[in-house]
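Please work through the exercises below with the structure open beside you, and try each task before you read its solution.

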Amino acid sequence: MSEEFWPIIDIEYVDAYPWVIIPPRAGPSAPFEEWEDVHGWCLERAEDLWADRQLSPGPSGVPFVGETLARCAEALCPPGSDHWLFLHLDHPTDIPLPVCAAIGPAQEPREATLRTLTEADDTTAVEPPVVKSFVSPYLGSGITTFRYVTQEDSPHLAACVRYAWQVEEHGADVVIWTGTEDVARILNAADDVEELARSLAIFVP
């Protein structure tokens, strides 16, 4: 029997302002009580979004945004999923930009694993992915990639960003990923996504 893998993603240092943070549905850190009534929980987060940005939601703003968040949660975190979901919104009524983060047992060799996790050698990309080194104060040295890919169900290219680390201390690989065909959206959120990548840590319960 394989040994249980216990390191989990720690969000203690994440600036929650740009994000609605939706926890995993499975894994060592689950279950979270949010999933007992995700629609009600997303409605509360919608109220917080309007209040944090000091905007009036009007008569339908809260239920509209709450339902949008709930649809994202259900679509991007199906039963059994063990990744974190971060929904980026500048304005409450923006279409959320989803960013996912996952952790798992470290795989060798390190460099090849990081390139695989970040799709650094994706031969289907429109152009060779842009690959850069990236250092996190909590996860150490890793790499990040940016690439454009075609989509089967859309004539538009999708812009994709990934970060990955191998944390030897915990025997763990960590990966962050996001993508959208709204290129301006991902570029405008780039600083917040990078700050998220710098803020994630590892906790062993």
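This is a predicted model: local features need pLDDT of at least 70, side-chain atom pairs count only at pLDDT 80 or more; totals for chains, interfaces and linings use all residues.

**Exercise 1.** Find out where Q107 is placed and which residues it contacts beyond its neighbours within four places in sequence.

*Solution.* Begin with the chain itself, where Q107 is found in the loop between strand 4 (97-105) and helix 3 (110-117). Finally, once the neighbours within four places in sequence are set aside, Q107 is in contact with T113, Q166 and D173.

**Exercise 2.** Describe the salt bridge between D48 and R45, and say where in the chain the two residues lie.

*Solution.* The side chains of D48 and R45 meet at 2.5 Å, N to O, which is a salt bridge because the cut-off for such a pair is 4 Å. Both residues belong to helix 1 (residues 38-52), where they are three residues apart and therefore separated by about one helical turn. As for accessibility, D48 is partly exposed at 32%, and R45 is partly exposed at 23%.

**Exercise 3.** Carry out the corresponding analysis for E194 and R198.

*Solution.* The salt bridge between the side chains of E194 and R198 has an N to O distance of 2.8 Å. The two residues lie four residues apart in helix 5 (residues 190-199), about one turn of the helix. E194 is partly exposed, with 31% relative accessibility, and R198 is also partly exposed, with 29%.

Key:
Residues are numbered from 1 along each chain as its sequence is written. Side-chain values use heavy atoms; hydrogens and water are left out. Contact means heavy atoms within 4.5 Å. Buried means under 20% relative accessible area, exposed over 50%, partly exposed in between (1.4 Å probe, protein chains only).
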